[in-house]
Amino acid sequence: MKYPSRGDYETAVRYLDKFVFDSVLRVGEPVKQAQNPNFLLSSNGGNAIVFVIQTNPKKYALKCWVKDLCDLKIRYKAIDDYLKTVKLPYFVDFAYQEQGILVNGQKFPIIRMEWIDGISFRDFISNNIQNPVYIRDFAENFLEMVTSLHQKNISHGDLQHGNIMVQKNNGDICLIDYDSLYVPQLSNEKDNIKGLPGYRHPKRKNLNKLSPKSDYFSELVIYLSLLVISENPHYWTKIEKEERLLFSEEDLERPRLSPIFAELTKLSPEIVYFTLELEKFCQESDIQALQPLEKLVTAYGGSKVIWDFIPNSTPNLSPPPLISIDLNPRAFDVFTKNKPQSSTANVSNSDPWSKLDTNSSSAWDKLDGSQASTKNSWDKLDGSQAPQNHDWDKLGQPDHSKPTGLTIDENIWDKFNHIWNKLLNSVSSIWNKVVNWFN
């Protein structure tokens, strides 16, 4: 079956009451982009597009697929049933509907998923790079989460920064996107989604069926990267613009030739230990032979860096500073456990909520555009600092509210002449003082 394009879905979502059959969503309103209200707020992935739907009083994510993943109905029913029995706090409420939206006269499946106000853990790293103690603490929370998943025989299947969120209201970790999720009832289902480069095992393509061990490799990549960045924050500047953590796909395919692997073996004993373990993982041809992260952590008996928390301080859970929807933040103390006293690392006590004026708090991250201000070139000549905002949607249209031609508040050449005279007067005054001093 050929699935609709992203544009076709957007057209249908604009009329929820007519083309969407979910009883919760159809009484809501699709959220529009803050910077361009002509377009709906959405996030595009490789297999799907996600829209934001505002109901009263909750928000939801509406997920529509652009590719046929075949057995979605079977998978999501099994996932829903199993997650309701284990009741782990790392998953959000969702509902699968096989005939949930009408596009071009044909019905297609949708997912209605609880909206998570939070940031991806890469944004969490970026926000707290000046307070790396929180990055180390996040690593321990991550370890606690994957240990719980292993105990319940669950794997996510696509564990990477876009699918791991940090909730802004309590700092808890939350997983999204369950297309590749493994639960025991799905042991015979095909492994369709192979993960993101920089997170996946070099032999992941050879894994034919969903596996409870499919996350073991990406877990180690994430945990090690968090340890390295917390102890050596300068590594973040090398990768903050990348869609990965410390390791590229090439690094993981050939670790013995990788510069980053060589560098990490010269750092702290704990980092050296996990780096060598990751190198072994890379060279293992059978993913089913890998060990879970908690077993590697337990096996390490060397020294660790101990961090010093400042009482009542909180990590920065601000969304990225590019979008402008007010999230109405409030202060809270998130990480209140495991706070050993030491003098190894210090944390500043700055207010983390001063930057919470944006809308990338969405669990589907990067859903909107950016805004920028520019300064008039002639205003710079006389020291003016007033920003001149431009509406890019109106480029090419005349602005009758301002003078046209070569006049900007006054004739350009008069302004230039005025500045030039002031400059000459200043030079002359300095020269006279120098002459008087010698005399």
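**First stop: helices 6 and 10**

Select residues 216-231, which form helix 6, and residues 269-283, which form helix 10. The two helices pack at an angle of about 155°, and their axes are 10 Å apart. Angles over 145 degrees count as roughly antiparallel, and therefore helix 6 and helix 10 are roughly antiparallel to each other. The crossing of helix 6 past helix 10 is left-handed.

Now show the side chains in the contact. Helix 6 contributes residues including Tyr 216, Phe 217, Leu 220, Leu 224 and Val 228. From helix 10, pick out residues including Ile 271, Phe 274, Leu 278, Phe 281 and Cys 282. Keep in mind that you are looking at a predicted model.

How close do the axes of helix 5 and helix 6 come? They come within 8 Å and cross at roughly 165°. That makes helix 5 roughly antiparallel to helix 6. Helix 5 also passes helix 6 in a left-handed crossing.

Show the side chains here too. On the helix 5 side, the residues that meet helix 6 include Ile 135, Phe 138, Phe 142, Leu 143 and Val 146. Among their counterparts in helix 6 are Glu 219, Ile 222, Leu 226 and Ile 229. Tyr 223 and Leu 227 of helix 6 are in this set, and Tyr 223 and Leu 227 also belong to the contact with helix 10.

Met 165 stands opposite Cys 174 of strand 9.

Select residues 94-103 for strand 5 and residues 106-114 for strand 6. These strands pair in the antiparallel sense over seven bridges. Ile 101 stands opposite Phe 108 in strand 6.

The two strands form a hairpin, with two residues between them. Stop at Asn 104 in the turn: its phi is positive, about 55°.

Select residues 48-54, strand 3. Is this strand mostly covered or uncovered? It is mostly covered, with six of its seven residues buried.

- Strand 1, residues 29-30, pairs with strand 3 in the antiparallel sense over two bridges. Pro 30 has Ile 53 of strand 3 as its bridge partner.
- Strand 2, residues 42-44, runs antiparallel to strand 3, and three bridges join them. Asn 44 stands opposite Ile 49 of strand 3. Strands 2 and 3 form a hairpin with three residues between them.
- Strand 4, residues 59-65, pairs with strand 3 in the antiparallel sense over seven bridges. Phe 51 stands opposite Leu 62 in strand 4. Four residues link strand 3 to strand 4 in a hairpin.

**A loop residue: Gly 301**

Select Gly 301. This residue lies in the loop between helix 11 (293-299) and strand 10 (374-375). Is Gly 301 buried or exposed? The cut-off for exposed is over 50% relative accessible area, so Gly 301, at 75% relative accessibility, counts as exposed.

Draw a distance from Gly 301 to Pro 269. The two are 32 residues apart in sequence, and their C-alpha atoms are 10.0 Å apart in space.

**Zoom out**

Show the whole protein. It has 13 helices and 13 strands. Of its 439 residues, 49% count as buried. Among contacts with a separation of 6 or more, 70% join residues 24 or more positions apart.

Finally, colour by confidence. The average pLDDT is 79, and 72% of the residues score at least 70. Residues 322-410 have a pLDDT below 50, and this stretch has 169 contacts in the model beyond near neighbours in sequence. Where pLDDT is low, the predicted coordinates should not be read in detail.

Key
Residues are numbered from 1 along each chain as its sequence is written. This is a predicted model: local features need pLDDT of at least 70, side-chain atom pairs count only at pLDDT 80 or more; totals for chains, interfaces and linings use all residues. Side-chain values use heavy atoms; hydrogens and water are left out. Buried means under 20% relative accessible area, exposed over 50%, partly exposed in between (1.4 Å probe, protein chains only). Two strands pair if DSSP finds at least two bridges between them. pLDDT is the predictor's confidence in each residue, from 0 to 100. Contact means heavy atoms within 4.5 Å. Axes are lines fitted to C-alpha atoms, for helices over the stretch in contact, and angles run from 0 to 180 degrees between N-to-C directions. Angles under 35 degrees count as roughly parallel, over 145 as roughly antiparallel, 65 to 115 as roughly perpendicular and the rest as oblique. A crossing is left-handed if the near helix is turned anticlockwise from the far one by less than a right angle, and right-handed if clockwise.
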